[in-house]
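Keep the model open as you read.

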Amino acid sequence: MTQSSYPFAALMRVTPRPERVFVRGEGSWLFDHEGRRYLDFIQGWAVNCLGHSPRVVVQALADQARELVNPSPAYFNAPALALAQCITTSSGLDQVYFANSGAEANEGAIKLARKWGQKHKDGAYEIITTENSFHGRTLATMSASGKKAFEPLFEPKVPGFIKVPYNDAAAVEAAITPRTVAVMLEPIQGEGGVIEARPEYLRQLAELAQRHKLLLIFDEVQTGFGRTGQMYGFQQAGVRPDIMTLGKSIGAGVPLAALVASNDVCCFEFGDQGGTYGGNPLMTAVGLAVYRQLNAPGFFAEVNAVADYLTQALAGLSRELGLGEVRGRGMLQALVIKPDTASKVASQAFDAGVLINAPRPDTLRLMPALTVTRGEIDLLVERLRPILAAC
Ligand SMILES: *Cc1c(COP(=O)(O)O)cnc(C)c1O
């Protein structure tokens, strides 16, 4: 097909998109309709944790599609049970509800917290969330998000979310009232520009939660399932939440997400929560294949070695060109560049065959496959250098 014959106008315009059509992916590379290839440090927005079309995912989809695609959420299936057990064992939490997107998992977390407040805390329902946070694009998760741009949209919002500055435990403490049921945050703010929670902050929140009988909810949609160089972001601080949500990496590119909670919190009654596609064997078989890959001997040692190489490469580039700090952990990193240049850099990088995200006007975010190679990182630096130098 020639470019002009694609029916671009038939897709709702919800985001600016270059008029290119992507037809194939392989590892760290994406190919468009004209055969141009792009080195991919966006990876489906931090979802393709094993790169494009990894063998284990292709195999899991093909095998499971032949066996059973969807018996209905009213019946058990084997991949969902097996994956739920992997998640509870590895996280120390007890029960899993599978969903299809991060936002849906977060909706579930919000509902579970409110249900718990109803049953165990005099109807408390307020959830303290953080400024610059991102929890999804359903009405409740947009209401929970601390994104300034969301504030005027789709009023009236879902009430009951109190926003406080990130990394500020005193602000959380000051916001607690008898109506407060939970504190909800990302262990690393991803869309906010790769801002890490200090381990001390997370420990203080756990203490506050204990003292005021609040639930701690970690949105690990971006940080969970390996992105930070460990299975879960919370492991860094040694603070286990009462409720955790997963998405993105858990499906390695297919729609799969999870709401995970401790036994004490699980209080849904029949009919409170559900969804036609939740926990279908086709997607959970993929999650299981991803889990096994991440937990293969030596996998995380290699991820962390290469992540360290990426950090050094970015730091080198920053020194050489007089840029800013390098932030993040594992394969979720950011480089601070000159003010108001990030969108321009990302768009020029696209033209130079590099896919990179600009979450802030002065920040580039890197979220490559966990399996990205040192050679691909070298190539990234080589292609970014002249663009950054000219900005
Ligand atoms: C991407 C993301 C979401 C939303 O996930 P969707 O699958 O797009 O609904 C929620 N929280 C965080 C932290 C995310 O990064």
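Throughout, contact means heavy atoms within 4.5 Å. With that in hand, look at Arg-240: leaving out residues up to four places away in sequence, Arg-240 touches Ser-91, Gly-92, Leu-93 and Phe-234. You'll find Arg-240 in the loop between β10 (215-220) and β11 (243-246); helices (H or I, at least four residues) and strands (E, at least two) are DSSP runs, numbered from the N terminus. Phe-218 sits 22 residues from Arg-240 along the chain, and their C-alpha atoms are separated by 8.7 Å.

A word on where this comes from: it is a predicted model, in which local features need pLDDT of at least 70, side-chain atom pairs count only at pLDDT 80 or more, and totals for chains, interfaces and linings use all residues. Residues are numbered from 1 along each chain as its sequence is written, and side-chain values use heavy atoms, with hydrogens and water left out.

Now zoom out. The chain has 11 helices and 17 strands. Its radius of gyration (taken over C-alpha atoms) is 21 Å, close to the 21 Å from the globule rule (2.2 Å times the number of residues to the power 0.38) for 391 residues, so the chain is as compact as a globular protein of that length. Along the principal axes, the C-alpha atoms fill a box of roughly 60 × 50 × 45 Å. Of the 391 residues, 54% count as buried, where buried means under 20% relative accessible area, exposed over 50%, and partly exposed in between (1.4 Å probe, protein chains only). Among contacts with a separation of 6 or more, 70% are between residues 24 or more positions apart.

Next, a helix pair. Two packed helices are described by the angle between their axes and the distance between the axes. Here the axes of α2 (residues 55-67) and α8 (residues 281-294) come within 9 Å and cross at roughly 145 degrees; axes are lines fitted to C-alpha atoms, for helices over the stretch in contact, and angles run from 0 to 180 degrees between N-to-C directions. On the α2 side, the residues that meet α8 include Val-56, Ala-60 and Leu-61, while those on the α8 side include Leu-282, Ala-285 and Val-286. The residues of this contact divide into 12 nonpolar, 2 polar and no charged, with Ala, Val, Leu, Ile, Met, Phe, Trp, Tyr, Cys and Pro counted as nonpolar, Asp, Glu, Lys and Arg as charged, and the others, Gly among them, as polar.

Most residues other than glycine have a negative phi, and most peptide bonds are trans. Trp-45, in helix α1 (residues 43-46), has a positive phi near 70 degrees, and at 37% relative accessibility Trp-45 counts as partly exposed. Asp-122 also has a positive phi, near 55 degrees; Asp-122 lies in the loop between α4 (102-120) and β5 (126-130) and is exposed, with a relative accessible area of 82%. As for peptide bonds, a cis one joins Glu-155 and Pro-156, with omega about -5 degrees. Pro-156 is in the loop between α5 (139-144) and β6 (161-164).

Finally, is Thr-363 buried or exposed? At 0% relative accessibility, Thr-363 is buried, and its place is in strand β17 (residues 363-366). Beyond four places in sequence, its contacts include Gly-193, Arg-327, Val-336 and Asn-357. Thr-363 and Gly-192 are 171 residues apart in sequence, yet 10.0 Å apart C-alpha to C-alpha.
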